[in-house]
Amino acid sequence: MAEGAITMADGGRSVFLTQQQKKERLADRMAILVDIWEADHNSALTYAHVEDALSAQGIHLSRTRWSYLINGNGSLVTDQDLLKAIAEFVFAVPGTYLCDLNSETPPEVEARRDFLVQMRKLKVRNFAARNLGEMSPETLRTITEIIDASMKGEK
């Protein structure tokens with residue numbers, strides 16, 4: 001087995017994740033949670049907020065380690081107690097979402113993420129409608145299709 005790789009079950013297959021892949025997966029999950037938190041609170045999530053939520057539980061998180069978590073750089077954060085506390089006390093989601101990088105996305109996280117995507121699409125559409133002026137229905141449909149395709153990652 002490659003150094004730094006672990007085996008995880010994935011539908012009966014073995015999956016090897018390198019340290020870098022684990023950091024990226026953890027950062028992706030953190031980004032989703034941060035997006036949801038910021039949408040719910042209508043403000044940016046700061047290190048101070050995270051530190052306050054964790055210190056109330058007797059858990060310390062350095063600013064550097066927080067940066068590693070959200071950026072996917074530096075050393076991989078593997079402290080299961082810390083990851084569980086961040087999930088539960090900062091983001092109010094099951095600890096397994098951050099502790100088990102092969103776990104399914106919890107339904108509440110998936111629903112909130114999907115909702116945010118739709119809200120962002122609506123904001124883009126509304127902005128376009130307000131700023132593009134009078135247009136034919138065909139032109140508006142074409143613009144809507146382009147916006148939908150771009151939000152889905154299509155070309």
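Helices, as named in these legends, are DSSP runs of H or I of at least four residues, numbered from the N terminus. The model shown is predicted, so that local features need pLDDT of at least 70 and side-chain atom pairs count only at pLDDT 80 or more, while totals for chains, interfaces and linings use all residues. Residues are numbered from 1 along each chain as its sequence is written, and side-chain values use heavy atoms, with hydrogens and water left out.

**View 1. The second largest pocket, with H1 giving the most to its lining.** On a 1 Å grid over the protein atoms alone, a pocket is an open set of points with protein on both sides within 12 Å along at least five of seven lines, whereas a cavity is a set of points where a 1.4 Å probe fits but cannot get out; lining residues have an atom within 4 Å of a point. Grid points are joined across faces, edges and corners, and a volume is the space filled by probe spheres set on the points. The volume of this second largest pocket is about 150 Å³. H1 contributes 5 residues to the lining, and both H1 and H6 supply at least two residues each. Among the lining residues are Leu-33, Trp-37, His-41, Phe-91, Ala-92 and Arg-112. By class, the lining divides into 7 nonpolar, 1 polar and 3 charged residues, where Ala, Val, Leu, Ile, Met, Phe, Trp, Tyr, Cys and Pro count as nonpolar, Asp, Glu, Lys and Arg as charged, and the others, Gly among them, as polar.

**View 2. Ala-92 in the loop between helix H4 (80-90) and H5.** Although Ala-92 is not a glycine, its phi is positive, at about 55°. Ala-92 is exposed, because its relative accessible area is 65% (buried means under 20%, exposed over 50% and partly exposed in between, with a 1.4 Å probe and protein chains only).

**View 3. The largest pocket, lined by residues that include Asn-42.** This pocket has a volume of about 220 Å³, and the elements that give two or more residues to its lining are H1 and H6. The largest share, 6 residues, comes from H6. The lining includes Asp-35, Glu-38, Arg-112, Phe-115 and Lys-123, and it divides into 4 nonpolar, 2 polar and 6 charged residues. Asn-42 itself lies in the loop between H1 and H2, has a positive phi near 55° in a residue other than glycine, and counts as exposed because its relative accessibility is 73%.

**View 4. Ser-103 in the loop between helix H5 (96-99) and helix H6 (107-131).** Ser-103 counts as buried because its relative accessibility is 16%. Its side chain reaches the backbone oxygen of Asp-100 at 2.7 Å and the backbone oxygen of Thr-96 at 3.2 Å. Leaving aside neighbours within four places in sequence, Ser-103 is in contact (heavy atoms within 4.5 Å) with Arg-29, Thr-96 and Tyr-97.

**View 5. The largest cavity, lined by residues including Lys-23 and Tyr-68.** A search of the whole structure finds 1 cavity of 30 Å³ or more, and the space in the largest cavity is about 40 Å³. Helix H1 (19-41) and helix H3 (63-71) each supply at least two residues of the lining, which by class has 5 nonpolar, 1 polar and 1 charged residues.

Conventions:
A polar contact is a pair of N or O atoms within 3.5 Å; within protein, one must be able to donate a hydrogen and the other to accept it, and residues adjacent in sequence count only if both atoms are side-chain atoms.
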